[in-house]
Amino acid sequence: MTGSTPAPFTADDYRARMERAARDAADAGLAGLLVAPGPDMVWLTGYTPTAVTERLTVLVLAPGRDPVLVVPTLEAPDAEHATGASALTLRDWTDGKDPYAVTAALLDARGRFGISDNTWAMHLLGLQRTLPDSSYASLTDALPMLRAVKDPAELELLAAAGAAADATFEEIRTVRFAGRRESDVGHDLAGLLRRFGHSQVDFTIVGSGPNGANPHHEVGDRVIQQGDMVVLDFGGLRDGYGSDTTRTVHVGEPTEEERTVHDVVRAAQEAGFRAVRPGVACQEVDRAARAVITDAGYGEYFIHRTGHGIGVTTHEPPYMIEGEEQPLVPGMCFSVEPGIYLPGRFGVRIEDIVTVTADGGRRLNDTTREMVIVD
């Protein structure tokens, strides 16, 4: 791994994001956005509350108005130290006061607002009770592309996270698999991700033998055996941005059928990647990968979408799935991860993170996609 971490985001970066989000809200016919603690708030302000509790914290963005962060008084000192704090106004409320009334004073009483998907139901219901003529739409529905197009600094962070995941794979392929539990290898993966700079490990899937036919098996106590195919899917956050890669290894020499299935998935992954270019609908990436698997006779065993977006979370819009007509735009980042899953036998998945460039796509994972033999 080479290169340095980009300079931290500044208050001006967060101000520009909030201004753009407010404009996007207006363009979508919304009176504004209400953003609860979570990835959207981190991306827009740089603020992460030390604890998410029943006390209301919400960022209010509206076209033509200054951003306002409503926070409990006891959390205001932490909010004031957030990088984006100077780009917004803090409005605190004390216990015993009605936080929904405080927030309602900032809103159009008859407005329709985009609201972050992870907002607690009690807070949404509290706002609806206070403003009975208001209405709400989830941000995923109302502004699905809010965080989808990454700027150059974000792309550098995603590339660094991808390189750390690649370094993790290069190390894990040298360890002993046979005779060890899946959970042991999963522990190794988590340790390596942290060694290579990850502050957060989101998942370490180790699906050996028949467990590999379950795409989200994670890890178990099954002892990995000679002759097993093993799906390794792992990732998390490094400097606030996500990694996610999958490679499928084999313990000892594979059978001809296992090689064939792996080759089909590898060809499908390549086809999905080759379909990436500006203006192409997201669903075309899925179609390209799926056609290879279907033509090889394994269509019924490819049981999930081809990809998902990645950024400050490891799963976010856009999604590479049939029916998604959103055009690809330079700066979008997402996985391309077709798979074949033969119930009770084994599975194969190969995954890279890809970013859309001016004339095609660029992989952010560079480890071999050939069959890797492990001990």
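Where does Thr53 lie? In this predicted model, Thr53 is located in the loop that runs between helix H2 (39–45) and strand E2 (58–61). A polar atom of the Thr53 side chain lies 3.1 Å from the backbone nitrogen of Arg55. When residues up to four places away in sequence are not counted, Thr53 touches Glu75, Trp120 and His123. Pro37 and Thr53 are separated by 16 residues in sequence, and their C-alpha atoms are 9.9 Å apart in space.

Trp120, one of the residues touched by Thr53, belongs to the loop between strand E5 (112–115) and helix H5 (121–130). With a relative accessibility of 35%, Trp120 also counts as partly exposed. Together with Val52 and Met122, Trp120 makes a nonpolar surface patch of about 270 Å².

A buried position is provided by His250, whose relative accessibility is 0%. His250 is placed in strand E10 (residues 245–251). The side chain of His250 reaches the backbone oxygen of Gly227 at 3.3 Å. Apart from neighbours within four places in sequence, the contacts of His250 include Asp228, Met229, Glu258 and Ile373.

Helix H7 comprises 21 residues (152–172). From its first C-alpha to its last, H7 reaches 30 Å, close to the 30 Å expected at 1.5 Å a residue. At the start of H7, a side-chain oxygen of Asp151 comes to within 3.1 Å of the backbone nitrogen of Ala153.

Technical notes: Residues are numbered from 1 along each chain as its sequence is written. This is a predicted model: local features need pLDDT of at least 70, side-chain atom pairs count only at pLDDT 80 or more; totals for chains, interfaces and linings use all residues. Side-chain values use heavy atoms; hydrogens and water are left out. Helices (H or I, at least four residues) and strands (E, at least two) are DSSP runs, numbered from the N terminus. The expected span of a helix is 1.5 Å times one less than its number of residues. A polar contact is a pair of N or O atoms within 3.5 Å; within protein, one must be able to donate a hydrogen and the other to accept it, and residues adjacent in sequence count only if both atoms are side-chain atoms. Patches are made of residues with over 30% relative accessible area and no salt bridge: like charges are joined within 9 Å, nonpolar side chains (Val, Leu, Ile, Met, Phe, Trp, Tyr) within 5 Å. Accessible areas come from the Shrake-Rupley method with a 1.4 Å probe; for residues, only the protein chains shown count as cover. A salt bridge is a side-chain nitrogen of Lys or Arg within 4 Å of a carboxyl oxygen of Asp or Glu. Buried means under 20% relative accessible area, exposed over 50%, partly exposed in between (1.4 Å probe, protein chains only). Contact means heavy atoms within 4.5 Å.
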